[in-house]
Amino acid sequence: MMMWVTGGVLFAYAGMLALCQGLERHYKHVWNRPCPRGLRLGLRGVGWLALLVSLLLCAQAWGWAMGPVAWFGSLSLAGMLLVMLLPYWPRLAVGLSAAVPVWGVMLLLA
Amino acid sequence: MIQAPAWLQIFSRSTAALLGGYAFSYAASACLARLLPLSSADAVIVATLPAFIFYTGAILWAFASRDAVRAWAPLVLAAPLALIGFWPQALRWLA
Amino acid sequence: MKNTFTQSMAWLHTWAGLIFGWLLFAIFVTGTLAVFDKELDHWMQPEIPATEVSQADAAQRAVAYLQAHEPKASNWGISLPTERSPGLRVSTGERRHGGGVQLDPRTGEAIEVRDSVGGNFFFRFHFTLDLPRNWGIFVVGALALVMLAALVTGIVIHKKIFKEFFTFRPNKGQRSWLDFHNASAVLLLPFHLMITYTGLVIFMLIYIPAGVDALFEGDSRAYFQAQGNARQEQPRQLARQPGELVDVAPLLAQAEARLGPIGGLNIRNPNTAGARIEIRPELGNRIALAKGQAMVFDGISGQLLSDVPEWRAAPLTQRVMVGLHFAQFGGYPMRWLYFICGVVSCVMIASGLVLFCVKRGRKYASATAQPSARRWYRVAEVCNVGFVSGLLLACVALLWASRLLPVELVQRESWEVRAFFGTWLLALLHAGVRPARRAWVEQLLLVALLCISLAALGGMADAMRVGVVACAMVLGVLLGLVAWRVRQAASAPQKTRAGRSVEAGA
């Protein structure tokens, strides 16, 4: 169960991060240059997709009754973590999304 | 027209929010319970669940309305709603 | 109220938020702590062993104990060891929290356990503020309603809710406090709305009995009967004849297959022909709160007399909403999600309270302000410290008191509660005599210290108790960081003020 829970939380974070970076002001803050339109739309698309994956993983962990409850909680807390990290350690905030492929590898190995 | 002093306005609106809001949500729940096409036990639940949305609405109204008198509108609205909710009791009382 | 809708909603949000925020913070903190009430119970009573005994064995030992000590009682209550509550407790008479005898699940012998209010204190305080139950429920209900109004007005007045969704700009004084208050409120909006509304739904028929009044002439017994909740008739005749109790273990297995993990059982009219065994589930297999549900077996034959009924849509909806608030479902991962969301919501409320003072500090704290306004501002400042850090101090003081108070102390539970309120009062007084910033730093540092050093009290014989102490340590470190930041900011106000406006002489 913990694999799915972890995955749900990680994808929630990745999704919130992508949606955040899809906004001009936050992209500029991290990368110090404006965001090209294609990348912006791409980031938003990836963001929503990641949130959807997060929902599926939460449902896998808890079932479809409790899963959505956990999903909302994960979104909120992931967003909170992101918002607190971004002003102080922006590269770290972005770098944390690397946990997603690590989790993916662990899932394949298990 | 003489404007009522600020503290009186605030007091009036706060009381309207608390008491008028209660009367309004109470009456609205009773009205809903009476009108819903469900068994009595189920109707009680379905009618009471949204009561706090009504109450919150009445609270916001009490402070958003144009003057401190209009803030009491939910209390006025409560009367016909209560009548619908309690019409068998009302008929019995009249008889 | 004011000229525009937004302005009057802002006024309402500010003043309702301030006046009621002080108690709402207490409700949210104790509610958050109540998520781990059973774990705190376990930590506060270190005499209870954590064992690996199966529920069947524990039940048989409990029955043997009751046979030996209370064979003639009319009702036996047995709380079985569960994941969250490793203890085994037996009682006679109607079930209450506390009371009864604690048994060692390995031997079935009674063990001496200190009297303690336990984590249950936080749970009770959360919905009654420690007032008499009926009054307390209404007071907390009214506060919950104000919270709902504060949430809705907050949404209404937050014009840039989407643009500033991820915005937090630290080190900018008032702007930062507002950013944080907005971010924590908006990002957790589903949680805040859900927890507040479902909290009101729990006692909704006590608050707004309109439906029962209109459709059942106010007769709540008739209403409960219409729900299909009529209490089973007790077999009085049979209860006068003796009988031999059936073995409980197979019944437990049967109930577990149907209900999931079991919480405990009641045996009514034991050792009589009218014996009934009621087995209740551990809360948590579904969102809908299963309190009060039990499978009833005949105590002599072991036959199933009544099964747990399926709920219809309307009562199921209510139970699901109540269950969402009680947060007994989904195992420990869900419990941690609720806990962390609770912590953030407490900080959200506290940041709003602090923002009120930060915003008006310059205007009302200086010597040029009106004396009456200055006095009220000072009241707000003192209440902020006393009701935020003061309450946290009271909570951790309760934990310390539960371990430090002598075990044989008469009325030990009352003394624990006195420690809680006494500390809170002292914190308010301290806030009254110290300058605001120093009061904040001193109280927050003290809370941090007491949380971090909780481990020094010992009594951590199992993983659950270590977990409680570890969590306290993490929270203590976080509070310590906050205190340190406040202290840092206190030494740099001159720079920010001079940089922002023309001020003659600093």
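Predicted model: local features only at pLDDT ≥ 70, side-chain atom pairs only at ≥ 80, totals over all residues.
Strand β1 (residues 75-79) of chain C pairs with strand β2 (residues 88-92) of chain C over four bridges, in the antiparallel sense. Here Gly77(C) stands opposite Ser91(C) in β2(C). Further along the sheet, six bridges join strand β4 (residues 262-268) of chain C to β5(C), and these two strands run antiparallel. In this pair, Arg268(C) stands opposite Arg276(C) in β5(C). On to β6 (residues 295-298) of chain C: this strand and β5(C) pair over four bridges, again in the antiparallel sense, with Glu278(C) opposite Val296(C) in β6(C).

How many residues of strand β5 (residues 276-281) of chain C are buried? Six of the six are, so the strand is largely enclosed by the rest of the structure. In a regular strand the side chains alternate between the two faces of the sheet. In β5(C), Arg276(C), Glu278(C) and Arg280(C) lie on one side, while Ile277(C), Ile279(C) and Pro281(C) lie on the other. Both faces are covered, with the residues on each side buried.

Burial also shows up in a helix of chain C. In α4 (residues 120-128) of chain C, the buried residues include Phe121(C), Phe122(C), Phe123(C), Phe125(C) and Phe127(C), and His126(C) is buried too. Their cover includes α1, α2 (37-44), α5, α14 (371-404) and α15 (412-433) of chain C. After α4(C) comes Leu129(C), a residue with a positive phi, near 55°.

As for confidence, chain C averages a pLDDT of 90, and 95% of the residues score at least 70. One stretch to treat separately is residues 494-506 of chain C, where pLDDT stays under 50. For that stretch the model has five contacts beyond four places in sequence.

Chain A is built from helices: its secondary structure comes to five helices and zero strands. Read from the N terminus on, its elements run α-α-α-α-α. The C-alpha trace of chain A spans about 40 × 25 × 25 Å along its principal axes. A compact globule with 110 residues would have a radius of gyration near 13 Å, and the 14 Å of chain A agrees with this. Of the 110 residues of chain A, 42% count as buried. Contacts in chain A between residues at least 6 apart in sequence can be sorted by separation, and 72% of them join residues at least 24 apart.

How do the chains meet? Two pairs of chains are in contact, and chains B and C share the most contacts. No contact joins chain A and chain B, whose closest C-alpha atoms lie 20 Å apart.

The contact between chains C and B takes 30 residues from chain C and 28 residues from chain B. On the chain C side, several helices each supply at least two residues, among them α1 (5-34), α5 (133-157), α7 (189-202) and α12 (313-326) of chain C. The most comes from α9(C), with seven residues. By type, this side divides into 23 nonpolar, five polar and two charged residues.

Conventions: Residues numbered from 1 in each chain as written. Chains lettered and ligands numbered in written order. Contact = placed C-beta atoms within 7 Å. Nonpolar A, V, L, I, M, F, W, Y, C, P; charged D, E, K, R; others polar. pLDDT = per-residue confidence, 0-100. Buried ≥ 20, exposed ≤ 12 C-beta atoms within 10 Å, placed from the backbone. Pairing = 2+ DSSP bridges. Rg over C-alpha atoms; globule rule 2.2 N^0.38 Å.
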